[in-house]
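Hi,

Here is the structure I promised to pass on. Have a look at it first, and then read my notes below.

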Amino acid sequence: MIEIAGTEYAFTDPLILLVAGGIALLLLILVLLVRSVKIGSNAAKMVGPIAQQMGQLNHAVQSLGQGQERLAGGLQSNAELQSASQAQILQTMEMRLASVQQQMQERLHENSVKAARSLSDMQEKLNQSVHGSTVKTTKSLTELQERLATIDKAQANIEKLSGDVLGLQDILSNKQTRGAFGEIQLNDIVSKALPSNAYSFQSTLSNGKRADCLIHLPNPPGPIVVDSKFPLEAYEALRNANTKAEAEQAARAMRVAVKTHINAISERYIIEGETADGALMFLPSEAVYAELHASFPEVVREGFEKRVWIVSPTTCMATLNTMRAILKDAQMREQAGAIRTELGKLFQDVERLGTRVSNLDRHFGQAAKDISEIKISADKAGRRARRLDNFDFEELAPDTENSTLAPPVAE
């Protein structure tokens with residue numbers, strides 16, 4: 001590559017080859033001049049031919065100068081064209097570069113906007129997630145605190161219940177306190193199931209025996225006694241037995257104790273003509289009631305034979321509800337006469353009301369008839385007034401209504 005006038009040309013370019021040919025021709029001329037100097041002696045002889053050659057050479061040199069001038073002009077025009085094309089190419093490249101730069105800026109702006117939006121969305125989602133997690137954590141902590149408070153309360157209740165159980169054991173270990181506990185429990189059950197005038201506590205019977213509770217049922221069956229005392233020592237011994245022999249001995253003792261208590265209730269609280277033909281033995285413990293029915297069914301059957309029915313707190317409530325229905329039915333029977341009397345009075349009032357309604361209907365019918373006749377008279381009076389107003393004195397047809405009142409006037 002060779003640079004001429006700021007433009008690069010290749011060695012194979014025609015212009016470069018032409019310039020090289022001209023230079024080679026000049027070198028040839030110089031060589032010929034040198035040879036002409038060396039052969040100075042022979043110059044005279046060869047003046048003519050040399051002059052002729054010099055003329056030709058001069059003509060060739062002139063042609064070469066013209067060609068060189070044309071070559072320079074061509075090179076200059078080519079350089080101008082090359083410069084113009086380079087300028088156009090640079091301008092095109094600058095325009096494309098500016099367009100690409102603008103597109104890149106727009107894409108970068110769009111990407112930045114999208115990135116900012118995505119970042120905002122992610123931040124919002126993160127905030128929501130953090131807020132939700134905070135709320136859930138707060139709620140969980142609140143529920144945990146509530147559960148801990150409930151556990152503390154339950155623990156306090158358990159501790160209190162443990163103390164109550166110990167107190168209950170102390171109560172049940174003494175006969176007098178155990179009897180008072182059974183009476184209190186029976187009092188609570190009876191007061192909830194029956195009206196206050198249907199029972200009485202610590203009532204004395206004709207034989208001098210005092211009943212824990214006397215329920216005033218109508219005859220039949222009559223007042224029934226509920227006894228709340230029970231021999232619990234035999235049941236405690238049966239429950240605490242460790243060997244088979246101890247268990248058998250405790251079972252025999254419990255069987256004897258329960259039979260003795262059933263006989264005592266049957267003899268003390270079943271009085272013919274004064275009480276019902278049966279009594280209730282109240283057990284303040286469901287466990288004792290279940291043990292009797294599970295392990296001592298013959299004792300329960302003997303109680304049925306003696307007309308002593310064994311009840312627990314649950315079965316006692318059911319029995320009392322049945323008694324309440326009996327009391328209600330008895331009260332209904334007592335009030336049956338009063339109800340019949342009131343029904344008779346109500347029937348008389350209804351008949352009297354029907355008679356008065358008939359009279360009122362007859363009065364309304366007569367009033368409607370009178371109003372109809374009044375309307376007829378008003379219509380006739382209106383027609384007569386209109387005739388008089390129009391000076392129409394033609395003889396009117398006699399009114400059936402007025403014909404009976406006055407005779408027609410003669411002309």
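Let me start with a pair of charged side chains: Arg255 forms a salt bridge with Glu298, and their closest N and O atoms are 2.7 Å apart. (A salt bridge here is a side-chain nitrogen of Lys or Arg within 4 Å of a carboxyl oxygen of Asp or Glu.) This pair links distant parts of the chain, with Arg255 in helix α5 and Glu298 in helix α7, 43 residues apart. Arg255 is partly exposed at a relative accessible area of 24%, and Glu298 is partly exposed too, at 29%. For those words, buried means under 20% relative accessible area, exposed means over 50%, and partly exposed is in between, using a 1.4 Å probe and protein chains only.

Before I go on, a word on where this comes from. It is a predicted model, in which local features need pLDDT of at least 70 and side-chain atom pairs count only at pLDDT 80 or more, while totals for chains, interfaces and linings use all residues. Residues are numbered from 1 along each chain as its sequence is written, and side-chain values use heavy atoms, with hydrogens and water left out.

Back to the charges. By the rule above, the count comes to five salt bridges. Another of them joins the side chains of Lys259 and Glu302, at 3.6 Å from N to O. Here as well the pair links distant parts of the chain: Lys259 sits in helix α5 and Glu302 in helix α7, 43 residues apart. Lys259 counts as partly exposed, at 28% relative accessibility.

Arg352 is partly exposed at 39% relative accessibility, and Asp349 is partly exposed at 43%.

Now the overall picture. The protein has 411 residues, 19% of which count as buried. It contains ten helices and seven strands. (Helices, H or I with at least four residues, and strands, E with at least two, are DSSP runs numbered from the N terminus.) Among contacts with a separation of 6 or more, 61% are between residues 24 or more positions apart; a contact means heavy atoms within 4.5 Å. The accessible surface comes to about 29,900 Å², and 58% of that belongs to carbon and sulfur atoms. Accessible areas come from the Shrake-Rupley method with a 1.4 Å probe, and for residues only the protein chains shown count as cover.

Next, the strands. Which residues of β6 point one way, and which the other? In strand β6 (residues 279-282), Ala279 and Met281 point one way, Leu280 and Phe282 point the other way, and all are buried. Strand β5 (residues 224-227) runs parallel to β6 and is joined to it by three bridges. (Two strands pair if DSSP finds at least two bridges between them.) Val225 has Ala279 as its bridge partner in β6. Four bridges join β6 to β7, and these two also run parallel. Met281 stands opposite Ile310 in β7.

In α6 (residues 286-295), Val288, Tyr289 and Leu292 are buried. Looking down the axis of α6, its buried residues fall within an arc of 105 degrees, so they line one face of the helix. (The arc is that of the directions from the helix axis to the C-beta atoms.) Their cover includes α4 (233-239), α5 (244-269), α7 (297-305), β7 (308-311) and α8 (313-334).

What is buried in α7? The buried residues there are Val299, Val300 and Gly303. Down the axis of α7 they fall within an arc of 100 degrees, so they line one face of the helix. They pack against α5, α6 and β7. After α7 comes Arg307, whose phi is positive, near 60 degrees.

Last, the surface. Val19, Ile23, Leu27, Leu30, Leu33 and Met54 make a nonpolar patch of about 500 Å². (Patches are made of residues with over 30% relative accessible area and no salt bridge; like charges are joined within 9 Å, and nonpolar side chains, meaning Val, Leu, Ile, Met, Phe, Trp and Tyr, within 5 Å.) Helix α1 (residues 14-38) gives the largest share of this patch, five residues. Ile23 is in α1, and Ile23 is partly exposed, with a relative accessible area of 48%.

Cheers
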